[in-house]
Amino acid sequence: MHIEVVVAAGLEALANDELRQLGRRAILKPASGPGVLPLSYSGDLRDLLELRVATSVYLVREFAVPRPRALLGDQHLRGAQQLAATALRLHAPGSFQSLFLSAAGADSAVLTRLKEALASHLGLTIGSEDGDLLLRLRRASSGAWELLVRLTPRPLATRTWRVCNREGALNGPVAYAMAQLTRPKADDHYLNIGCGSGSLLIERLLLGPAQRALGCDTSGAARTCAAQNLGAAGLHGRYELTDWDARALPLATGSISAISADLPFGHLVGSHDENLRLYPAILDEAARVARPGARCALLSHEVRLMERLLAERPVWHVEQALRVDLGGLYPRIFLLRRTDYDCRL
């Protein structure tokens with residue numbers, strides 16, 4: 001089977017690491033574009049639905065036809081119907097209600113007939129771009145045409161635990177990637193600064209237990225939202241939510257082994273002027289509570305400010321700075337390691 005895994009551009013290496021865990025079932029191919037990872041797959045398709053870095057997963061079939069009109073022929077139409085039906089069989093009946101075709105000229109007479117034929121065969125309605133069964137039609141490099149079928153009724157990035165949403169909330173795959181970058185361990189004392197709706201805290205705990213998992217946020221509404229999402233994720237009793245100010249944490253020096261934060265960008269939350277004061281205070285306080293060797297994953301769009309502040313602070317060693325595409329925004333994930341430098345000097 002030919003599969004295409006879509007990830008946020010910048011997270012390809014982490015996605016490949018996750019795909020390699022599938023072993024010989026998945027044969028990785030060179031990326032065909034930013035955030036697009038093709039592979040040959042011989043395993044159970046349901047295992048692909050458990051991918052955490054992926055935004056979406058598609059089943060791909062090439063049709064050796066010169067133009068889309070030929071897909072209406074009996075043989076090719078049956079092939080397209082079988083391909084689409086594969087996605088439906090992976091889920092409970094009723095999971096898919098509508099069908100949407102993404103293609104150049106999708107409203108043409110030919111592609112309208114194709115949509116109608118597929119929807120009628122599958123018992124679906126023709127929907128908008130929010131259609132549960134998402135199909136994509138494109139010309140292949142060979143000159144043939146490829147039909148792609150998303151394997152899930154919603155993108156994998158749409159986490160089932162998100163029962164409470166807040167504007168600007170971090171999406172699940174990026175939160176998972178940041179949790180992975182901290183190299184989680186069962187004896188972690190983990191701190192999520194400015195936990196918001198809980199994305200980072202949840203994705204960290206879904207990776208495995210921590211000796212202590214803390215989420216702090218001065219907003220009571222944010223903590224309430226986070227508690228709802230943590231509950232929906234089945235994480236009762238495994239975390240602590242506090243109203244601590246990230247600039248003055250009531251934690252012992254050197255007590256934390258892993259830290260993560262989605263820092264204010266100055267777009268939806270905060271402003272650049274506020275960040276000029278907030279960022280250095282957070283970096284210094286995080287350095288105080290972090291033990292030597294602790295890893296810290298911070299997401300920010302304030303790239304120049306972060307680079308300047310980190311250059312001034314030998315307490316933090318920058319291991320990586322990953323540029324991530326968040327739908328038109330291009331923040332960096334700064335992966336830091338706490339050095340042996342005494343920040344009290």
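A: Let's start with a cut-off: a residue counts as buried when its relative accessible area is under 20%. Keep in mind that this is a predicted model. With that in hand, take Cys216, which has a relative accessible area of 1% and is therefore buried.

Now for the pairing. The structure has 1 disulfide, and the two partners are Cys164 and Cys225, with an S to S distance of 2.1 Å. This bond ties together distant parts of the chain, 61 residues apart: Cys164 sits in the loop between β8 (145–150) and α5, while Cys225 belongs to helix α7 (residues 220–232). The torsion about the S-S bond of Cys164 and Cys225 is about -120°, so you'd call this disulfide left-handed. Both ends are tucked away, too: Cys164 is buried, and Cys225 is buried as well.

Back to Cys216, which takes part in no disulfide. The nearest cysteine sulfur to Cys216 is that of Cys195, 6.6 Å away, and a disulfide needs the two sulfur atoms within 2.5 Å.

Then there's Cys296, also in no disulfide. For Cys296 the nearest cysteine sulfur belongs to Cys216, at 12 Å. Cys296 has a relative accessible area of 1%, so this cysteine is buried.

Key
Residues numbered from 1 in each chain as written. Predicted model: local features only at pLDDT ≥ 70, side-chain atom pairs only at ≥ 80, totals over all residues. Heavy atoms only, no water. Helix = DSSP H or I, 4+ residues; strand = E, 2+ residues; numbered from the N terminus. Buried < 20%, exposed > 50% of the residue type's maximum accessible area, 1.4 Å probe, protein only.
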